[in-house]
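Visitor: I am new to this structure and would like to be shown around. Could we look at it together?

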Amino acid sequence: MPSQNKEDSIEKEVGYCEKLVKIVEEMLVMPNLPTAKEKLNLLKETMEDTKVEYKTKDTSFFGYKTHIAMTPERKICVATVTSADVM
């Protein structure tokens, strides 16, 4: 197993995770165990989420957005919350 990251650095943590994923995928037994496979996929998704910096029509984004409509007097008349992938 790779040495665990002990620094407060997202880049080093992602690097550690990439090494860990590679080792686990190379093992013959681990990827075939449903629980291990599920955890491995979750780790891969989390690592992928760290790479998304800007939301576009072609990229995913985790989170929510608030939309409001205001009168000319700046009174809120409508408010709604959507997932962040809504354009």
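**Salt bridges, a helix and a hairpin**

Visitor: How many salt bridges does the count come to?

Guide: The count comes to 2 salt bridges. Please keep in mind that this is a predicted model.

Visitor: What does Lys-12 form a salt bridge with?

Guide: The partner of Lys-12 is Glu-7, and their closest N and O atoms are 3.3 Å apart. Lys-12 is partly exposed, with a relative accessible area of 43%. Glu-7 is also partly exposed, at 48%.

Visitor: And which residue pairs with Glu-25?

Guide: Glu-25 forms a salt bridge with Lys-44, and here the closest N and O atoms are 2.3 Å apart. Glu-25 belongs to helix H1 (residues 10–26) and Lys-44 to helix H2 (residues 34–51), so the pair ties together parts that are 19 residues apart in sequence.

Visitor: Let us turn to H1. How many residues does H1 have, and how far does H1 reach?

Guide: H1 has 17 residues and reaches 24 Å from its first C-alpha to its last, which is close to the expected 24 Å.

Visitor: Which residues in H1 are buried?

Guide: The buried residues of H1 are Val-14, Tyr-16, Cys-17, Leu-20, Val-21 and Val-24. Viewed down the axis of H1, they fall within an arc of 155 degrees, so they line one face of the helix.

Visitor: What is on the other side of H1?

Guide: There one finds Glu-11, Lys-19, Lys-22 and Glu-26, which are exposed.

Visitor: A change of topic: in which sense do strands E1 and E2 pair?

Guide: Strand E1 (residues 64–70) and strand E2 (residues 76–83) pair in the antiparallel sense, over 7 bridges. One example is His-67, whose bridge partner in E2 is Thr-80.

Visitor: What lies between the strands of that hairpin?

Guide: There are 5 residues between E1 and E2, and in this hairpin Arg-74 takes a positive phi near 70 degrees.

Visitor: Which residues make the nonpolar surface patch?

Guide: Ile-68, Met-70 and Ile-76 make that patch, which covers about 280 Å². Met-70 has its place in strand E1. Its relative accessibility is 36%, so Met-70 counts as partly exposed.

Note on methods:
Residues are numbered from 1 along each chain as its sequence is written. This is a predicted model: local features need pLDDT of at least 70, side-chain atom pairs count only at pLDDT 80 or more; totals for chains, interfaces and linings use all residues. Side-chain values use heavy atoms; hydrogens and water are left out. Two strands pair if DSSP finds at least two bridges between them. Helices (H or I, at least four residues) and strands (E, at least two) are DSSP runs, numbered from the N terminus. Patches are made of residues with over 30% relative accessible area and no salt bridge: like charges are joined within 9 Å, nonpolar side chains (Val, Leu, Ile, Met, Phe, Trp, Tyr) within 5 Å. Accessible areas come from the Shrake-Rupley method with a 1.4 Å probe; for residues, only the protein chains shown count as cover. A salt bridge is a side-chain nitrogen of Lys or Arg within 4 Å of a carboxyl oxygen of Asp or Glu. Buried means under 20% relative accessible area, exposed over 50%, partly exposed in between (1.4 Å probe, protein chains only). The expected span of a helix is 1.5 Å times one less than its number of residues. The arc is that of the directions from the helix axis to the C-beta atoms.
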